[in-house]
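User: I'm new to this one and would like a walk through it. Could you take me through the parts step by step?
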Amino acid sequence: MIRYILLSLLLGGIIGYLNNCWGFHVIEVFVSDYLFNFALVALLFVMGIIFGVDKESTERFKKAGFRILVVPFAIALGSITGGLISGFLLSINPVASMAVCAGYGWYTLAGPLNGQLFGMEWGALGFTVNFLRELLTIATVSLSIKIDKYAPIAMGGATAMDTTLPVIVRYCGSDALITAFLSGFILSLIAPFTITLIATLI
Amino acid sequence: MDLLTILTPLVAGVALGYFLRKRRKLSLNKATFWIIIILIFSLGFSMGSNNKLLISFPHVGLKTIVMLFLTLFFSIIFVKIARKVVNLQ
């Protein structure tokens, strides 16, 4: 999956660059505005269905107890705090940097959505910051587990429900499965809300 | 796009998914895959055709590293504190 995503990003970048050199403005408007917005809305809709149809997650919550919710909310708060502080540290727009970090690792959403809300530079940041978050979670799991039992879950953010779940379970043990999955599920669900709500702060 | 345009499809999707729970199998893997490919392609396209962005690309690196590490640092710390507070093993 990652291979195809990076390939389509690269291909899009090259074709976009060439198109800009040749000056086909109509194509640029079609892809950058219509196709982009259409695909973003379609992704949110399809992900909504996937969240809504998931009966098991509701049952898992009942079993695990709602105390488990502190984990995703601490991760969300931590990510947004990290974004706020880096905004001030780098003297860039702190609202936009909070929104970028509120992708919680879901780069296929955070990239396009932040690009749409704050401009393409933030789209690029949204993609890279969240893409590397997923990559770093997998790469450093054997080290991060030494900091805290839940550190890999905290690092994985929204990706803890799918792409980083196998690695987390392998290192944190099978009892971390439900926590990791539910934390990732909640973070994926709230990511579009937090990004757009942060954007209204401007 | 405003708040409503972004959140309406998500909420509508969740509602529709909730009603589809009784149905047997619903596979959206293929649809999701192609939507993501189209979305990321157009993201790449928009970035590639933006000259100002391409010039500022070297600065993106430092910003990415700072944002990434602070995000991870605070996520881990906050989870550690939250676990202590509610006594989650």
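Analyst: A:Glu121 is partly exposed, with a relative accessible area of 24%; buried stands for under 20% relative accessible area, exposed for over 50%, and partly exposed for what lies in between, using a 1.4 Å probe and protein chains only. This is a predicted model, in which local features need pLDDT of at least 70, side-chain atom pairs count only at pLDDT 80 or more, and totals for chains, interfaces and linings use all residues. Residues are numbered from 1 along each chain as its sequence is written, chains are lettered from A and ligands numbered from 1 in the order in which they are written, and side-chain values use heavy atoms, with hydrogens and water left out.

User: OK, what does A:Glu121 form a salt bridge with?

Analyst: A:Glu121 forms a salt bridge with B:Lys63, and the closest N and O atoms are 2.7 Å apart. A salt bridge here is a side-chain nitrogen of Lys or Arg within 4 Å of a carboxyl oxygen of Asp or Glu.

User: And how many salt bridges does the structure hold over all chains?

Analyst: Over all chains, the structure holds 3 salt bridges. Helices are DSSP runs of H or I with at least four residues, numbered from the N terminus.

User: Is B:Lys63 buried or exposed?

Analyst: B:Lys63 counts as buried, at 14% relative accessibility.

User: What does B:Arg83 pair with?

Analyst: B:Arg83 forms a salt bridge with A:Asp148, with 3.0 Å between the closest N and O atoms. This pair also crosses between chains, running from helix 3 of chain B, where B:Arg83 sits, to A:Asp148 in the loop between helix 8 (141–147) and helix 9 (151–156) of chain A. B:Arg83 counts as buried at 13% relative accessibility, and A:Asp148 is buried with a relative accessible area of 9%.

User: Which side chain does A:Asp175 meet in a salt bridge?

Analyst: The side chain of A:Asp175 meets that of A:Lys149, at 3.5 Å from N to O. The two are 26 residues apart and link distant parts of the chain, with A:Asp175 in the loop between helix 10 (165–172) and helix 11 (177–199) of chain A and A:Lys149 in the loop between helix 8 and helix 9 of chain A. A:Asp175 counts as exposed at 55% relative accessibility, whereas A:Lys149 counts as partly exposed at 29%.

User: Switching to the two chains, how many residues of chain A are in contact with chain B?

Analyst: There are 88 residues of chain A in contact with 64 residues of chain B, where contact means heavy atoms within 4.5 Å. Chain A and chain B bury about 7000 Å² between them, 81% of it on carbon and sulfur atoms; buried area is the accessible area (1.4 Å probe) that two parts lose on being put together, summed over both.

User: How many salt bridges and polar pairs are there between chain A and chain B?

Analyst: Between chain A and chain B the count is 2 salt bridges, and there are 16 residue pairs in polar contact, both residues being at pLDDT 80 or more. A polar contact is a pair of N or O atoms within 3.5 Å; within protein, one must be able to donate a hydrogen and the other to accept it, and residues adjacent in sequence count only if both atoms are side-chain atoms.

User: Which helix gives the most to the chain A side?

Analyst: Helix 2 (residues 25–53) of chain A gives the most to the side that touches chain B, with 22 residues. By class, that side of chain A has 55 nonpolar, 25 polar and 8 charged residues, with Ala, Val, Leu, Ile, Met, Phe, Trp, Tyr, Cys and Pro counted as nonpolar, Asp, Glu, Lys and Arg as charged, and the others, Gly among them, as polar.
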